[in-house]
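Subject: Structure handover

Dear colleague,

Here is the structure I said I would pass on. My notes on it follow below.

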Amino acid sequence: MNISHKLRSLLQNTESICVLTGAGISAESGVETFRGSNGLWSKLKPEELANFDAFMRNPELVWEWYNYRKEIIHHVKPNPAHFALARLQEMVKDFTLVTQNVDNLHRRAGSTNVLELHGNIERSYCIGCGKFVANVEVSLENKVPHCQSCNGIIRPDIVWFGEMLPEGVFEAATEAADRCELFLTIGTSAVVYPAANLPITARKHGAYVVEINLERTEISHTVHETLLGKAGEILPQLLKIKEE
Ligand code: BV8
Ligand code: ZN
């Protein structure tokens with residue numbers, strides 16, 4: 001893989017890196033992406049499922065979809081891309097990992113202080129009283145979980161379209177994008193906002209922006225360097241350069 005001299009020297013010297021990941025970083029773990037050829041959305045439309053009205057109209061269907069995804073996530077493991085980022089975090093003083101993923105794989109790979117822009121599939125809360133509920137089980141008998149305290153409907157703690165991102169998380173991600181010297185955008189089609197603003201913010205503030213993706217994306221024309229390929233192959237190679 002030929003990388004620029006600029007990226008090589010930044011990897012070896014910078015003390016401030018911000019990373020944004022999307023579904024593509026979990027693809028090699030066996031988690032379907034959203035917009036790839038066999039992506040989740042190809043079967044289901046986001047409008048139909050990942051929004052609050054759709055949930056209130058048909059909570060059984062939305063819970064069935066999340067339960068299906070949770071099942072997959074419980075059977076997969078982090079891949080070399082997740083582990084490379086966890087290792088990189090240990091070697092860089094100011095390292096911020098921002099993810100759009102809800103699959104918890106970064107944390108399972110050892111990354112800490114992960115900024116989860118779109119929530120986490122392992123968490124749920126009651127829309128009646130806001131109480132968080134750990135490992136919610138849905139079954140054929142109980143297709144929509146209800147809160148034990150107020151009998152309200154329980155929903156996944158995931159940010160749906162049209163919903164605000166969790167308080168303070170996007171702000172922290174923006175601050176990291178503002179101050180970093182190197183910004184890596186990995187495995188994201190960069191079509192969802194405000195997440196897709198982060199690489200643009202980084203570039204505006206003088207960071208060197210590198211895209212690591214299987215294919216070119218909506219922001220390929222705005223980044224400094226695009227490394228086309230699998231994150232699980234490219235990231236361990238970048239880590240090796242850092243460790244030289
Ligand atoms: C908000 C939860 C504000 C569901 C998700 C018109 C224009 C611009 C914006 C908007 C608009 N209309 C509405 C909006 C805003 C909207 C938005 O951005 N819509 C887009 C689609 C046009 N955004 C929102 O609604 C956000 N909220 O803006 O609120 C607000 C203000 C005031 C008051 C109220 C509200 C909320 C956005 C969050 C939506 N929730 N997910 C769930 O996950 O179950 S988004 C969903 O897409 C996922 O979270 C996912 O993370 C995210 C992004 O997808 P990617 O991660 O990029 O995945 P994708 O499959 O697309 O791409 C994968 C890439 O990896 C591909 O390029 C592929 O080539 C590559 N790849 C594959 N394999 C590999 C690989 N790369 C490397 N290695 C591999 N092995
Ligand atoms: Zn409740």
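P194 sits in the loop that runs between β7 and α9. The peptide bond joining Y193 and P194 is cis, with omega about 0°. Please keep in mind throughout that this is a predicted model.

Most residues other than glycine have a negative phi, and most peptide bonds are trans. N104 is in the loop between β2 (94-99) and α7 (105-108), whereas N151 is in the loop between β5 and β6. N104 counts as buried because its relative accessibility is 16%, under the 20% cut-off. N151 has a relative accessible area of 54% and is therefore exposed.

Parallel strands

The loop holding P194 belongs to the following arrangement. Strand β7 (residues 182-186) and β8 run parallel and are joined by five bridges. L184 has V210 of β8 as its bridge partner. Together with helix α9 (residues 197-204), β7 and β8 form a right-handed β-α-β unit. On from there, β8 is joined by four bridges to strand β9 (residues 225-228), again in parallel; here E211 is partnered with T226 in β9.

How enclosed is strand β8 by the rest of the structure? Six of the six residues in β8 (residues 208-213) are buried, so the strand is largely enclosed. Both of its faces are covered: Y208, V210 and I212 are buried on one side, and V209, E211 and N213 are buried on the other.

Zinc site

Which residues donate to the zinc ion (ligand 2)? The protein donors are the SG atoms of C126, C129, C147 and C150, at 2.2 to 2.3 Å from the ion. Angles among the four donor atoms run from 96 to 119°, and the site is tetrahedral. For comparison, the ideal angle for four tetrahedral donors is 109.5 degrees. Along the chain, the zinc donors have the spacing C-x2-C-x17-C-x2-C. C126 is in strand β4 (residues 119-126) and C150 is in the loop between β5 (132-133) and β6 (154-158), so this pair ties together parts that are 24 residues apart in sequence. C126 counts as buried because its relative accessibility is 1%, while C150, at 38%, counts as partly exposed.

Four bridges join the antiparallel strands β4 and β6, and S124 stands opposite P156 in β6.

Ligand 1

Ligand 1 is surrounded by 33 residues, of which R35, R69, G162, T188 and S189 are the closest. There are also contacts to backbone atoms. A polar backbone atom of Q100 is 3.1 Å from an oxygen atom of ligand 1, and a polar backbone atom of G187 is 3.3 Å from an oxygen atom of ligand 1. A nitrogen atom of ligand 1 lies 2.9 Å from a backbone N or O atom of A231.

Regards

Terms used. Residues numbered from 1 in each chain as written. Chains lettered and ligands numbered in written order. Predicted model: local features only at pLDDT ≥ 70, side-chain atom pairs only at ≥ 80, totals over all residues. Heavy atoms only, no water. Donors = N, O, S within 2.8 Å, 3.2 Å for Na, K, Ca; no water. Tetrahedral: all angles 85-135°; square planar, octahedral: opposite > 155°, others 65-115°. Helix = DSSP H or I, 4+ residues; strand = E, 2+ residues; numbered from the N terminus. Buried < 20%, exposed > 50% of the residue type's maximum accessible area, 1.4 Å probe, protein only. Pairing = 2+ DSSP bridges. Right-handed = clockwise from strand over helix to strand, strands pointing away. Near = heavy atom within 4 Å. Polar contact = N/O pair within 3.5 Å; in protein donor to acceptor, adjacent residues only side chain to side chain.
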